[in-house]
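Morning, everyone. I have one structure to walk you through today. Have a look at it first.

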Amino acid sequence: MRDMQTSRARAATAAAFLSQGMVLLSLTTRLPDFQDRWHLSDVALSLVLLMMILLAGAGSVVAETLAKRRDSALLLRTGLFVIAVSVPVLCVAPSAGVYVAGMAGYGLGLGVVDASTNMQAVAIEHRYGRPILPSFH
């Protein structure tokens, strides 16, 4: 069953998937710039990325845990807010430490957004009563 609210929820969730992907793509293509700016070796950059990935995993677990008591849409908005704050911090960081902190915040937000967008997509798929999850990816 599709109503206006379900259609808006689908559009909003699709926009969240798109935002997450575009930010990740943008940051990935800028990694050489960050590496040069902060004089990071390949190993140091790899460790920063590993930290970000581990924190993304932690963010997913946090989202799963909180989703039992909170609405996943609220979690999604919170994760997007964390990303919206973290990305400018890491992009204009005045020091390598602030850059790493921004990447840590981004990783945590990324995990929350990843988990909660999928939760939202599954909920919307149930409302539609047919498979639509692949259309979000």
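How much accessible surface does the protein chain have, and what share of it belongs to carbon and sulfur atoms? The surface comes to about 7800 Å², and carbon and sulfur account for 67% of it. Keep in mind that this is a predicted model.

Now the overall layout. The protein chain has six helices and zero strands. From the N terminus on, the order reads α-α-α-α-α-α. The C-alpha trace spans about 55 × 30 × 20 Å along its principal axes. There are 137 residues in the chain, and 36% of them are buried.

Next, contacts. Take those between residues at least 6 apart in sequence. Of these, 77% join residues at least 24 apart.

On to the inside. The largest nonpolar core has 20 residues. Leu27, Phe34, Leu90, Tyr99, Met103 and Tyr106 have the most contacts inside it. The most comes from α5, which gives five residues.

Look at Tyr99. Set aside its neighbours within four places in sequence. Tyr99 is then in contact with Leu31, Phe34, Trp38, Leu40, Leu45, Val48, Leu90 and Ala93.

Last, charges. The chain carries 11 positive and 8 negative charges. Their mean positions are 11 Å apart.

That's my tour. Over to you.

Notes: Residues are numbered from 1 along each chain as its sequence is written. This is a predicted model: local features need pLDDT of at least 70, side-chain atom pairs count only at pLDDT 80 or more; totals for chains, interfaces and linings use all residues. Side-chain values use heavy atoms; hydrogens and water are left out. A nonpolar core is a set of buried Ala, Val, Leu, Ile, Met, Phe, Trp, Tyr and Cys residues joined through side-chain atoms within 4.5 Å. Buried means under 20% relative accessible area, exposed over 50%, partly exposed in between (1.4 Å probe, protein chains only). Helices (H or I, at least four residues) and strands (E, at least two) are DSSP runs, numbered from the N terminus. Contact means heavy atoms within 4.5 Å. Accessible areas come from the Shrake-Rupley method with a 1.4 Å probe; for residues, only the protein chains shown count as cover. Lys and Arg count as positive and Asp and Glu as negative; His and the chain ends are not counted. The place of a charge is taken as NZ of Lys, CZ of Arg, CG of Asp or CD of Glu.
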